[in-house]
Each structure stands twice: as structure tokens, then as C-alpha cells.
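Subject: Structure handover

Hello,

Here is the structure I promised you. Please open it first, then read my notes below with the view beside you.

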Amino acid sequence: MWLLMAVLSAMFAGLTAILAKCGIKKTDSDLATALRTIVVLVFSWVMVLIVGSADTITDITLHSFVFLVLSGLATGASWICYFKALSMGDVNKVVPIDKSSTVLTVILAIICFGEFHNLAVKLIGTVLLAVGIFLMIEKKQAEQKSENRIWMLYAVLSAVFAALTSVLAKVGISGVESNLATAIRTSVVLIMAWIIVFAKGKHKGLKTLDKKELLFISLSGIATGASWLCYYYAIQNGVVSVVVPIDKMSILLAVTFSYIFFKEKLTVKSLIGLGLMLVGTLVMAIFC
């Protein structure tokens, strides 16, 4: 079941990138992130009520709560950087860099949680992922000789914070129902996102918000909520070093839709890189 949830998480995450891109053409990325988080928060707490885990909130230990909050802060930082990068660069340029968090997450999972089972297979899969990511990133870097590359910095920071999110969540979610843990983390992200919006004075953009973009922002929030619920169920019940690579294969869906809707084409080198990422993920999913 956790493998299925990891796959569903990847599908919804892929949709998130495309929907979010459509929603931040005119809307500021920080404001869009804050608005999306409202949708994700509502989605998360509805699921908590459906599964009936709200009553267990008083059973959460201080240790778990602290790590859930830290995970939420890391998630918020990752989101802000990710959607800032998406607002400045192409989906095919941003997503591969963001997905490089997979490599760091797998290494941290092996070190922090002692996931040494089938270590050789995991390392082979990780190397394939790393090479594939490099090929995709290298191609996109070469395309931007004169273009402002600050989006790349945001994409890298997004990857770093995303890797920390998975490790911190694994610790915090221990003994906590996954839907409830997701709702708590989302609450932290919401507070963090709106603090940034008001601190930068970007809340004024609410008055001129495009209704069409608001729709896409809301849909991306629903997709994110669905992805999170599946992802943290998989994290709680499965192997982190296997779940994360599967989840990151959302890049396949993101690349496909970016080609269809945004006409963002890939070269042969990028396609090879994408293929290596897929092979690396399948190796770990099947043999681990």
C-alpha cells in the first residue's frame, strides 16, 4: 500500500507544478504560496475529520510535535523557494534541480535511520538519479547564457529544504496518524507563508488578484494536499530511501505537461537524463 501511495504522491506532485505555473504568471509567488497553503490546510483537516484522528492530537509527544514543526518550517522554506523559481524560470529548468533533493534525502535516510538494507542497490539507484539530474540541469544551464539565473539559486535552496523536510517528518510522524501530522505541518507552513507576505507588503496584491490565476492556485493547492496525504502515509509506513525517489518521479508528469501546455522541449541529452532518473527509481522500488 505504501508503494501505491508513493506513486499517487508523484502523480499529484507533477500536477502541482503545472497548475502552480499557470497561477503565478501575474500573481506574486509568495502570495500564491500563501493562498495555496490555505487550500492545502482545509484539505488536510477535512481528511483528519474523515479518518477521525483529531482526538489523538493530545497524545502527540513534545518530541514528535517539535519535529513536525521543524518539518513544516523546512517545507515552507522549500515551497517559497520552489514557487519563486517557477515564477522566474521554465518548469523543465526548475523541476530537475528541485528533484535533486532525492539524492541528499536518500543519503540522510541511510545515515540517520540506518536503512542499510540493500545498500548497494540504493547507492546504484542514487548514482543513476544523480547522473540523470546532472544531464537535465546541464542542458538547461547552457540555454541561459545571458538570462538572469537567480531562479537557479531558489531551485537549489528548494531542494535542500525539501531533503530536510523528509528526514524531519520521518522523526516527527512516528506514532502520529499521518493525516493529522500533515495537517499540523501545513498549519506551520500557513503561518510562515503569511508572515512573509505581510512582512514584504505583498498582501496588497489581493486586491488585484486575477480570478483565473486564483482558480489555478486553488487547484494546485488541492493537488498538493492530495500529494502530501499520500506521501506522508508512505513515509510513515514505508522505507524513506525508496519512497522519496518514487515521489520525485513526478518530474515525468511535469515534463510531459510542460511540453504539451508550455511547449518546453527537451534535447536528447535531457531525455537520456530523464531516462536514467526513471531507471534509478525503478531499481530502488523493485529491488529494495
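Let's start with burial. Of the protein's 288 residues, 52% count as buried. Keep in mind that this is a predicted model.

**Overall build**

What does the protein contain? There are 12 helices and 0 strands. Read along the sequence, the pattern is therefore α-α-α-α-α-α-α-α-α-α-α-α.

Next, the dimensions. The C-alpha trace spans about 55 × 55 × 25 Å along its principal axes. The radius of gyration is 18 Å. A compact globule with 288 residues would have a value near 19 Å, so the two agree.

Now the contacts. Take those between residues at least 6 apart in sequence: 91% of them join residues at least 24 apart.

Then the surface. The protein exposes about 12,500 Å². Carbon and sulfur atoms supply 73% of that area.

**The largest pocket**

How much space lies in the largest pocket? The figure is about 180 Å³. Its lining is made of 12 residues. Closest to the centre of the pocket are V7, A10, I246, M249 and L252.

Three helices each supply at least two residues of this lining: α1 (2-23), α11 (250-262) and α12 (268-287). Which helix gives the most? That is α12, with 4 residues.

By class, the lining has 10 nonpolar and 2 polar residues. No charged residues take part in the lining.

**Two residues to look at**

Start with S71. You will find S71 in helix α3, which covers residues 62-88. Is S71 buried or exposed? Its relative accessibility is 0%, so S71 counts as buried. Leave aside its neighbours within four places in sequence, and S71 is in contact with T165, L168, A169 and R185.

Then go to C230. Helix α9 (residues 211-237) holds C230. Its relative accessible area is 9%. Buried means under 20%, so C230 is buried too. What does C230 touch? Not counting residues up to four places away in sequence, C230 touches M5, L8, S9 and F12.

One distance to check on your screen: C230 and V69 are 161 residues apart in sequence. In space they are 19 Å apart, C-alpha to C-alpha.

Best wishes

Methods
Residues numbered from 1 in each chain as written. Predicted model: local features only at pLDDT ≥ 70, side-chain atom pairs only at ≥ 80, totals over all residues. Heavy atoms only, no water. Buried < 20%, exposed > 50% of the residue type's maximum accessible area, 1.4 Å probe, protein only. Contact = heavy atoms within 4.5 Å. 1 Å grid on protein atoms, 1.4 Å probe; cavity = no way out; pocket = protein on both sides within 12 Å on 5 of 7 lines; lining within 4 Å. Points joined across faces, edges and corners; volume = space filled by probe spheres on them. Nonpolar A, V, L, I, M, F, W, Y, C, P; charged D, E, K, R; others polar. Rg over C-alpha atoms; globule rule 2.2 N^0.38 Å. Areas by Shrake-Rupley, 256 points an atom, 1.4 Å probe, with all protein chains shown as cover.
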